[in-house]
Amino acid sequence: MRILILSLLIAAPAIAAPKPAVPHPGAEVYQNVCQACHMANAMGAVGAGRITALARNPNLQYPEYPISVVTGGKGAMPWFRGQLTDQEIADVIDYVRGNFGNRYNKGPGGKVTAAMVAESGVAAPTRGER
Amino acid sequence: MIGGSLALYQAMEVLGHAKETQFAGPPKLSGAPAGASVLVLGAGLAGMLAAFELRKAGYKVQILEYNNRPGGRNWSLYGGDTYTELGGETQKVGFAPGNYLNPGPWRIPYHHRTLLHYCKAFGVALEPFIQLNHQALVHNSKAFGGKPMPYRDLSADFEGNVAELLGKAIDNRGLDSQFSAEDQDKLKEALRTWGLLDKDMRYVKGNRSSRRRGFERPSGGGVDGSPIPSDPLPFKDVLDSGVWAVISQHMSIDHQTTMFQPVGGMGMIGKAFGKQVEGLVTFNAKVTKISQAGGAVTATYTDTATGAVKEAKADYCVCTIPLGILSQIELDASGGMLAAIAAVPYSNSVKVGLEMKTRFWEEENAIYGGISFTDRPISMISYPSGGMHSDGPGVILGAYTFGAASYKFAGMSPDERVRTVLEMGSVFHPGRYKEQFTAGASVAWSRVPYTLGCCAQWNEETREEHYQTLVAVDDRIVLAGEHASYIGCWMEGALLSSLDAVTRLHKRALEA
């Protein structure tokens, strides 16, 4: 994962999202992974089905739910446990909970940490794809 | 496999045939109950084949399809086409007339006999798809200073060196415990022939090795006609190139010779299937609810062109809607079925087509079709197997990405994808790739409105827990598609799943 991200960054500057002075470490994860579906503005989309908007999403109020979804997947969304490190998962959830019209990173649960992901995350499938 | 087809399959197996497929011919269903009807959801290959076979059996059939065309993931984007992905980015494909990108399936193994059968039956012209091309390139940033090397040189040197090393292992008595002296001699002879070793069991520069890896000066006519052998590459670099992974990929049953593609784009298959079910399909129909109340199946759908909400009703239903979408539709089915539908995520992939003014890879590099591989995120570029040896323009598949790279590319705008892919692929053809580029098109499957992904991503655990429930007839509904097969991601899986589903649904209808 990290090797791929590095080589991609050399060739392709990330799309500009609203940037704080020191970029949140989750911003890069969001751009490299999440916005493939949830879009750069986190508004999701609607076609034959729906991609959930993460912007102003009340389900992000408590960290446990996004942790379970990102680690374990949901519907069409695959699990990312093992694809991303627990730190990356914590960073990106923390980033989304504090951006795109969400202000949950200051509320209950506060900052999402790798330890929280380790504690309540869903384990990646242990046996191979088939 | 059911009844007669299983018996035939077993009979053929005894004769040593047909182990490459479960297909034993079309199902030959007949005698549908008088007036019985089937609603098919989805006009991809699985849905259209279900409709075709069930109508033949005597059912009244109707298909609802979200898109405004038949084919589903079987699809080609041609010059002049317009495609809008989720998020709203619209691409107008600027390829020359007839040129295309196959965003989804793009090659057909020789043993996908169901698909081949129906291609012939429905008049789809096929041509060879070049998978393995010895002249194509292998690039690894960690080998040969980042210089791409011909697959031919690398594979020859890999096999030659492996043969030499194994010969040394024999000479060092390393295989004494496993092989008799006589068998060791036989193996050494095999290694000498296979690995092009010299009489001393060495892989060295010479006519022998150059007959495989190519000559420094190729054979010619007249005064300078004699060939000059070439130097094998340092084995360490050959190892670092990762060519063994490419060799292995070409060896898998999914990629062995012969492979096919439809003449004029993979979408020709969807169009041909569409002709067979012409008049049965309601396009622009977004299904929002599927009920099994009152001894019938009723689908509620929105006409996306007008916004009107309508219903379609039938005795039975073959549902081919991809699971990621079906899991969001209000569906009247058993708890086990709903859990199975919700349990299977979808993989992602991104493909980018790059049209070039001329076919410089043919004219200058003698690369006719095939694939060049790289450790860059584009993973490979593929040269067109159609229209070979013609003047340009031609379309190169500029990226076929998986995993992390596919998310990164999907998150880019279509323009950014093309720019990035051009930059990365230019490692193979510097001075030509970016310079000859005329038009690009890309499809990121995570943003495809009618699938939300590439294909169903099963694993051992979900197969065990949910697969049999997912494929079982649930009262009056049966699911079909690549997601209901063990040939996931391939058209063949969709078709075999469909044949199996309609066979069982027909049986259910006859028993009702």
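Guide: R217(B) is partly exposed, at a relative accessible area of 27%; the scale calls a residue buried under 20% relative accessible area, exposed over 50% and partly exposed in between, with a 1.4 Å probe and protein chains only. This is a predicted model, in which local features need pLDDT of at least 70 and side-chain atom pairs count only at pLDDT 80 or more, while totals for chains, interfaces and linings use all residues. Residues are numbered from 1 along each chain as its sequence is written, chains are lettered from A and ligands numbered from 1 in the order in which they are written, and side-chain values use heavy atoms, with hydrogens and water left out.

The side chain of R217(B) forms a salt bridge with that of D224(B), at 3.8 Å from N to O. The rule asks for a side-chain nitrogen of Lys or Arg within 4 Å of a carboxyl oxygen of Asp or Glu. D224(B) is also partly exposed, with a relative accessible area of 49%. In general, side chains of opposite charge can pair when their charged atoms come close.

Another salt bridge joins D240(B) to K236(B), with 2.5 Å from N to O. Both residues belong to helix α7 (residues 235-240) of chain B and sit four residues apart, about one turn of the helix. Helices (H or I, at least four residues) and strands (E, at least two) are DSSP runs, numbered from the N terminus. K236(B) is exposed at 59% relative accessible area, whereas D240(B) is partly exposed at 29%.

In a further pair, E423(B) and K434(B), the closest N and O atoms are 3.0 Å apart. This pair links distant parts of the chain, 11 residues apart: E423(B) lies in helix α14 (residues 414-425) of chain B and K434(B) in helix α15 (residues 433-436) of chain B. Both are partly exposed, E423(B) with a relative accessible area of 37% and K434(B) with 38%. Elsewhere, salt bridges that share partners connect E85(B), R417(B) and R447(B) in one network.

Over all chains, the search of the whole structure gives 28 salt bridges. Across the interface of chain A and chain B, the rule finds zero. That contact (heavy atoms within 4.5 Å) involves 35 residues from chain A and 38 residues from chain B. The two chains bury about 3,300 Å² between them, 59% of it on carbon and sulfur atoms; buried area is the accessible area (1.4 Å probe) lost on putting two parts together, summed over both.

How far can the coordinates of chain B be trusted? Its mean pLDDT, the predictor's confidence in each residue from 0 to 100, is 96, and 96% of its residues reach 70 or more. Within chain B, confidence is highest in strand β1 (residues 37-41) of chain B, at a mean of 99, and lowest in helix α1 (residues 3-14) of chain B, at 54. Where pLDDT is low, the predicted coordinates should not be read in detail.
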